Amino acid sequence: MTREAPRPDTPRAEAPVPRGPSEAFAYAPAPESRAVVDIAPSYGLFVDGEFREAADGKVFKTVSPATEEVLSEVAQAGPEDVDAAVRAARAAFARWSALPGAERAKYLFRIARILQERARELAVLETLDNGKPIRETRDADLPLVAAHFFYYAGWADKLPHAGFGPAPRPLGVAAQVIPWNFPLLMLAWKVAPALATGNTVVLKPAETTPLSALFFADVCRQAGLPPGVVNIVTGDGPVGAALVAHPDVDKVAFTGSTAVGKEIARTVAGTRKRLTLELGGKGANIVFDDAPVDQAVEGIVDGIFFNGGQVCCAGSRLLVQESVRDEVLDALKRRLTTLRVGDPLDKNTDVGAINSAEQLARITELARAGEEEGAERWSPACELPTTGYWFAPTVFTGVTQAHRIAREEIFGPVLSVLTFRTPDEAVAKANNTPYGLSAGVWTEKGSRMLRMARELRAGVIWSNTFNKFDPTSPFGGYQESGFGREGGRHGLEAYLDV
Ligand code: NAD
Ligand code: MG
């Protein structure tokens, strides 16, 4: 088709002005099918290769945060069940740890392949139980989950060459407690290295997102994993507390809030148990005046709106050089008007639901504090669904370092914008936090990138990108973001007696 050039003598028709994001970016609904996943009305605990009810028969419900629909009823473990799971893991340890590494690898490779084969089912399940967009579970969570199992399967027969001595030994029974923001991915980060090194595990998923871990139990059965090597106990905080306090546990691995991490550190102190903690963060995304603005804007969006900002390494503080502040903020706001917030199962959705009513209340409270303390609040026009837990993408400008929204982890789609003039000021502001998990640096100057990488106190520093993950790369924090590394060769160390 050719377009006719307007003739100079005819008045030009006014181009229609898009009135809002919904009109300019009206996409037809593209829902992923729910039918690919079969959710049972109830699930038991996975202990010694079998699903069983809790000893006292207690259950709790898990809902879809996007609709508040009850998805299933799940067993609430008690101390007796935790004990049974630890016993099963202990009983399985002798044979599992004695297997040649190449034999353990076969199981892990098999699990990895089954996870790939069932990726669509698991992605839909995760989106339903967690509320995050299918675009993320399909394109980020599930591929990374499989990659993690493949990666650690590859290490299982090479441990004598991993740099931890000629015959590194497993620790024993690993108690693993994980959060709700990346339910299956955090499971993979914990279970894959533990099994590769010859440990057995008892894992407690978060109470709002237990389903993908229970489906993983089924994957273990499908892979023929010996009973007791992986056990899953579902329930709330006290179940996690009972698990980490169990006397027959050798290793504790926790990801979650700093408050609970500190409590666990107190429980474990003075015992023989080994501990790794992956806690909160208040990541700085630092944009220098020579950064490519459009690329930086994509990185800022990825940094704080990926998984609705419910990410421990989120770039929740934007530090932008004063001379480009207005240009970056204008471009950012323009970009945010194109974000599609809504049904997580729709393949066009960028930002899904907040995981729980409690989390929504925490975000709402902190955002209110931001306004009360004098920062300026802005959100793009967007219609939020009327049921479920939702929070509009939000940007606070005029934020100072004293504001709560600059210091506390919000764990939601809320960006706090601060400015700086010199690289020294950027480093000082970025490091002015009790955390130290992640940072991003946007500049075209290689020497500046390297200098920032040296001076920023963060476990992960991304340069001209953000929120990139790879199983070969170690991840972990400084200070109150925790200690120990997950991923890469370093991740083996947490599960070996070195
Ligand atoms: P949380 O730390 O309470 O929960 C994480 C996991 O720990 C869950 O499985 C929970 O059941 C378990 N747990 C709770 N209390 C426990 C205890 N005393 N002993 C052992 N296990 C226990 O996190 P939350 O309440 O869901 O979220 C609160 C805040 O934590 C969020 O607002 C966010 O700031 C932060 N958070 C961080 C991460 C992260 O990846 N670092 C993940 C989730 C939440
Ligand atoms: Mg749920």
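Keep in mind that the model is predicted. The residue is Val239, which sits in helix H8. The helix pair is H3 and H7, whose axes cross at roughly 125 degrees. On the strand side, there's an open three-stranded sheet with mixed pairing, plus strand E15, which pairs with E14 and with E16.

**Val239 and its surroundings**

- Helix H8 covers residues 237–245, and Val239 is part of that run.
- Val239 has 22 C-beta neighbours inside 10 Å, and since 20 or more is the mark for buried, Val239 counts as buried.
- Leaving out residues up to four places away in sequence, Val239 touches Ala77, Val82, Lys204 and Val233.

**Where H3 meets H7**

- Helix H3 spans residues 101–117 and helix H7 spans residues 211–222, and their axes come within 9 Å of each other.
- A crossing of roughly 125 degrees falls between the 65 to 115 range for roughly perpendicular and the over 145 range for roughly antiparallel, so H3 and H7 count as oblique to each other.
- As for handedness, the crossing of H3 and H7 is right-handed.
- On the H3 side the contact is made by Ile111, Ile114 and Leu115, while H7 brings in Val219, Cys220 and Gln222.
- Sorted by class, this H3–H7 contact has five nonpolar residues, one polar residue and no charged ones.

**The E1-E5-E4 sheet**

- Three strands make up this open sheet, in the order E1-E5-E4, and the pairing is mixed.
- Strands E1 (42–43) and E4 (59–63) are the edges, each pairing on one side only.
- Strand E5 (residues 70–75) pairs with E1 in the parallel sense, over two bridges.
- If you want a residue-level handle on that pairing, Tyr43 has Val74 in E5 as its bridge partner.

- Strand E14 (residues 376–378) and strand E15 (residues 394–397) run antiparallel, joined by three bridges.
- Trp378 has Val395 of E15 as its bridge partner.
- E15 also has three bridges to strand E16 (residues 414–420), and these two run parallel.
- Here the bridge partner of Phe396 is Ser416, in E16.

Definitions and conventions. Residues numbered from 1 in each chain as written. Chains lettered and ligands numbered in written order. Predicted model: local features only at pLDDT ≥ 70, side-chain atom pairs only at ≥ 80, totals over all residues. Helix = DSSP H or I, 4+ residues; strand = E, 2+ residues; numbered from the N terminus. Buried ≥ 20, exposed ≤ 12 C-beta atoms within 10 Å, placed from the backbone. Contact = placed C-beta atoms within 7 Å. Pairing = 2+ DSSP bridges. Axes fitted to C-alpha atoms, helices over the stretch in contact; angles between N-to-C directions. Parallel < 35°, antiparallel > 145°, perpendicular 65-115°, else oblique. Left-handed = near helix turned anticlockwise from the far one by under 90°. Nonpolar A, V, L, I, M, F, W, Y, C, P; charged D, E, K, R; others polar.
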